[in-house]
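Open the model in your viewer and keep the selection panel handy.

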Amino acid sequence: MKKYLFIFLAVCLSLPCAGQLTVEECYRLAMDNYPLVRRYGLINMSEGYDLSNASKAYLPQFSLSGRATYQTDVTSVPISIPGYEIPSLSKDQYQLLAEVSQSIWDGGAARASKEAVMAQGDVDRAQFEVDMYAVRERIDNLFFGILLLDEQIRLNDLYLEDLQVSYDRIASYMANGVANQSDLDAVRVEQLGAGQNGVQLESNRRAYLNMLSAFIGEYLDEGTWLVKPEVLDEPAIRPAYDRPEMGLYDAQQRQIDAQRLSIRASNMPNLGVFLQGGYGKPGLNMFQDKFKVYAMGGVRLSWNFGNFYTRRNNLLKIESGIRQIAVQRDTFLFNNDLQQQQLDAQYRQYRKMMADDDEIIRMRSNIVRASDAKLENGIISVTDLMRDKISEQNARVNKAVHEIELLQTIYGIKNLTNNR
């Protein structure tokens, strides 16, 4: 029997755990389920394709071109030799040309292209982290909102039980001629109001659960129990250097550095070798006016000096971008610090209010007990007793609200500093 009893107790104790859910677990599930997660894989795929393209800059390049022209005049030899006719070119000419070229040095353009691709990938991934981090705040709002509703539902149920005890007692007073119907109606009205409040609280909880379920990708029934975190030590106020936004600013800085590298590469000469094969009329020998196959190879040097015209402005534009990133970083840290100061003030406010909540509830309970005694002695009316009971209930609800708001404030500060 002891063995079966032990097994029964173990099963009973394990049942509530099946529906338990912590806020940290909600974070993890939301990060796996949120539709934006699929974008991370697409970012890596796109970066891989672009890097592959940039790596092919040093592969041999093939081109094919052709043309047919007619011109009003052609080159001729301005001399006359008796007995010999110097041939002249036709005014219609044709050319089909195939070329293979190999870059030897491109001034760093291929390297700059790779750096730009990797920098853009870093920016996209950092922006993804920023967007995903914002999900945590939305999870906090839903999770702690449900905790607050749970506590309000619990207190409302206890209040209904207490009202039922009062109703039964007033009914007995009425049977003994001590109370009348209006006294009983006063209790009944309060019961109906508390019942309506319970229906609204349950409806709100169901709506919050549905939204949280959509975020984490798991069905949450009404029996799901959210684990209330313990009230932690005072959260530390510190700069938000660990926030993903800081990584985004660093990635944007690297992206600008890659742009500077690309500008430098655009002002450098390009050196390569080429081999051409053609078929046309005339060929390389201009004095043979017929179709010929020909070939040509060599070294090619090109240098576009037009980029020097815009080089200075492009570099100044880059410097402006660097300053903009610095301003964005400083602005983010400044606003984050202000938010932390605001939440810290709220934290201290709730701590101070919670220190008085228990005393307020204790005194309100004493007042209700005294009112019960006065009602039995006919000193006060049922309406006065209901007023005192409502005040006691409000004090209990206020304590629950303050405790949940304190927890949400603590997690808000942790969220601002990424202190998880």
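Before you start clicking, bear in mind that this is a predicted model.

**Stop 1: the largest pocket**

Select Glu137, Leu343, Gly412, Asn415 and Leu416, and centre your view on them: of the 22 residues that line the largest pocket, these lie nearest its centre. The space in this pocket comes to about 440 Å³.

Now colour three helices: α4 (109-175), α7 (307-376) and α8 (382-417) each contribute at least two residues to the lining. Which helix supplies the largest share of the lining? It is α7, with eight residues. If you colour the lining of the largest pocket by class, you will find seven nonpolar, ten polar and five charged residues.

**Stop 2: the second largest pocket**

Next, select Gln102, Ser103, Asn270, Leu271 and Gly272, which lie nearest the centre of the second largest pocket, out of 15 lining residues. Its volume is about 250 Å³.

Here the elements to colour are strands: β3 (92-105), β5 (270-281) and β6 (292-302) each give at least two residues to the lining of this pocket. β5 gives the most, with five. By class, the lining of the second largest pocket holds six nonpolar, seven polar and two charged residues.

**Stop 3: aromatic pairs**

Show the side chains of Phe, Tyr and Trp. A search of the whole structure finds seven aromatic pairs. One of them is Tyr94 with Phe291, a stacked pair with 5.8 Å between the centres and 25° between the planes. This pair links distant parts of the chain, as Tyr94 is in strand β3 and Phe291 is in the loop between β5 and β6, 197 residues apart.

Move on to Trp303 and Phe305, a stacked pair with 5.0 Å centre to centre and 20° between the planes. Trp303 is partly exposed too, with a relative accessibility of 39%.

**Stop 4: charges over rings**

Select Arg300 and Phe274. The charged end of Arg300 sits over the ring of Phe274, 4.4 Å from the ring centre.

Lys414 lies over the face of Tyr411, at 5.9 Å from the centre of the ring.

Definitions and conventions:
Residues numbered from 1 in each chain as written. Predicted model: local features only at pLDDT ≥ 70, side-chain atom pairs only at ≥ 80, totals over all residues. Heavy atoms only, no water. 1 Å grid on protein atoms, 1.4 Å probe; cavity = no way out; pocket = protein on both sides within 12 Å on 5 of 7 lines; lining within 4 Å. Points joined across faces, edges and corners; volume = space filled by probe spheres on them. Helix = DSSP H or I, 4+ residues; strand = E, 2+ residues; numbered from the N terminus. Nonpolar A, V, L, I, M, F, W, Y, C, P; charged D, E, K, R; others polar. Phe/Tyr/Trp six-rings, centres within 6.5 Å; stacked < 30°, edge-to-face > 60°. Buried < 20%, exposed > 50% of the residue type's maximum accessible area, 1.4 Å probe, protein only. Lys NZ or Arg CZ within 6 Å of the ring centre and 35° of its normal.
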